[in-house]
Amino acid sequence: MVVETDVLHSINTESRKPKVSESRIEVENLSYAYQQRQALDNISFDVSCGEIFGLLGPNGSGKTTLFKILSTLMPATTGTVRILGHDLATEVKAIRNLLGVVFQHPGLDTKLTVVENLKHHGHLYRLTGKTLRYRTAELLERFGVSDRAKERVEILSGGLQRRVEIAKALLHSPRVLLLDEPTSGLDVTARRQLNDYLRTTAQAENILVLLTTHLLDDAEACNRIGILDVGQLVALGQPDELKNQVGGDVILIEGVDNETLGTTIAERFGVSTVFADNRLRVECKHGHEFVRDVVAAFPDEIQSVRLGKPTLEDVFVKLTGNPFVQ
């Protein structure tokens with residue numbers, strides 16, 4: 001009877017323990033400070049496998065610090081980070097085996113060929129023979145660089161080099177792919193292509209993809225995003241959901257005297273005006289009617305007006321009151 005009671009107690013105790021997901025990154029109440037500067041302030045979010053999650057923010061928002069912690073380059077000092085069920089505080093080695101990491105600065109040997117780069121990287125993970133050759137061929141084909149396999153990396157364009165870097169990071173079949181500013185320095189076409197490759201890879205490999213970016217287009221391509229500002233997570237959700245939080249249309253106005261014009265417009269039309277990036281920003285429904293009326297009311301004070309639907313930049317400005325400086 002004692003045995004049965006002990007077993008029952010054990011079962012009840014286990015059922016009360018928080019369940020740890022083996023298919024997610026879970027960040028809870030994470031903070032990090034560099035002496036007196038608070039780089040991260042009580043950050044919490046989670047990301048699931050098969051999802052592309054973006055951390056969007058301007059320089060100094062905390063993206064790099066958070067990336068370094070998730071990629072095990074720095075320890076988490078306050079809060080909890082679990083990666084696929086493993087605690088970052090106690091299971092760093094196990095976590096590193098699960099990660100593929102692409103840093104902002106290139107990590108390829110430009111004097112070696114594409115295949116040679118992947119071959120040597122594979123050896124670090126004890127991949128050899130047919131397994132390594134098959135995996136290399138598979139990834140180079142997926143990322144559209146198989147025809148450049150025997151060329152030295154130094155002659156490839158920036159976009160092609162970035163594809164090779166991601167192929168290298170995926171070589172050992174990681175369950176989590178972390179990318180720091182993956183499209184930085186690429187032109188619009190190359191960025192769009194790379195985002196398409198990431199979307200295909202997340203589904204084909206059933207892996208979790210987390211990236212940092214200061215580029216709004218990259219964030220738009222993610223399934224979900226977290227917006228960071230001075231170390232705080234100010235928004236979390238799907239890009240369209242976040243944009244719907246902005247009330248109606250967004251009007252940007254440049255005037256001869258923006259400060260005076262903003263006060264006058266607010267008093268006359270009963271709207272809130274925000275001064276950001278040397279322009280007045282107004283949110284309102286039926287924006288086309290507002291533009292007509294405000295131009296008619298202040299023809300000499302207004303130099304230009306732009307009407308548009310909300311963007312992630314507008315979300316950032318609405319939540320922080322600050323311009324999004326890329």
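Me: At what angle do helix H4 and helix H5 pack, and how far apart are their axes?
Reply: In this predicted model, helix H4 (residues 114-124) and helix H5 (residues 129-142) pack at an angle of about 130 degrees, with axes 10 Å apart. Helices are DSSP runs of H or I of at least four residues, numbered from the N terminus. Axes are lines fitted to C-alpha atoms over the stretch in contact, and angles run from 0 to 180 degrees between N-to-C directions.

Me: What does that make H4 and H5 relative to each other?
Reply: H4 and H5 are therefore oblique to each other. Under 35 degrees counts as roughly parallel, over 145 as roughly antiparallel, 65 to 115 as roughly perpendicular, and the rest as oblique. H4 passes H5 in a right-handed crossing, the near helix being turned clockwise from the far one by less than a right angle.

Me: Which residues meet there?
Reply: Val114, Val115, Leu118, Lys119, Gly122 and His123 of H4 meet Leu132, Thr136 and Leu140 of H5, where contact means heavy atoms within 4.5 Å.

Me: Changing topic, how many residues has the largest nonpolar core?
Reply: That core has 46 residues, and those with the most contacts inside it are Leu56, Ile166, Leu177, Leu179, Ile225 and Ile227. Its largest share, 6 residues, comes from helix H6 (residues 158-170). A nonpolar core is a set of buried Ala, Val, Leu, Ile, Met, Phe, Trp, Tyr and Cys residues joined through side-chain atoms within 4.5 Å; buried means under 20% relative accessible area, exposed over 50%, and partly exposed in between (1.4 Å probe, protein chains only).

Me: And what does Ile166 contact, leaving aside neighbours within four places in sequence?
Reply: Ile166 is in contact with Val102, Phe143, Leu177, Leu179, Leu194 and Leu198. A second, separate core of 27 residues includes Leu30, Val47, Leu70 and Leu84.

Me: Where is Lys318, and what does it touch?
Reply: Lys318 is in helix H12 (residues 312-320). At 41% relative accessibility, Lys318 counts as partly exposed. Not counting residues up to four places away in sequence, Lys318 touches Gln245, Val246, Arg281 and Glu283.

Me: What are the ground rules for numbering and confidence?
Reply: Residues are numbered from 1 along each chain as its sequence is written, and side-chain values use heavy atoms, with hydrogens and water left out. Local features need pLDDT of at least 70 and side-chain atom pairs count only at pLDDT 80 or more, while totals for chains, interfaces and linings use all residues.

Note on methods: Helix = DSSP H or I, 4+ residues; strand = E, 2+ residues; numbered from the N terminus.
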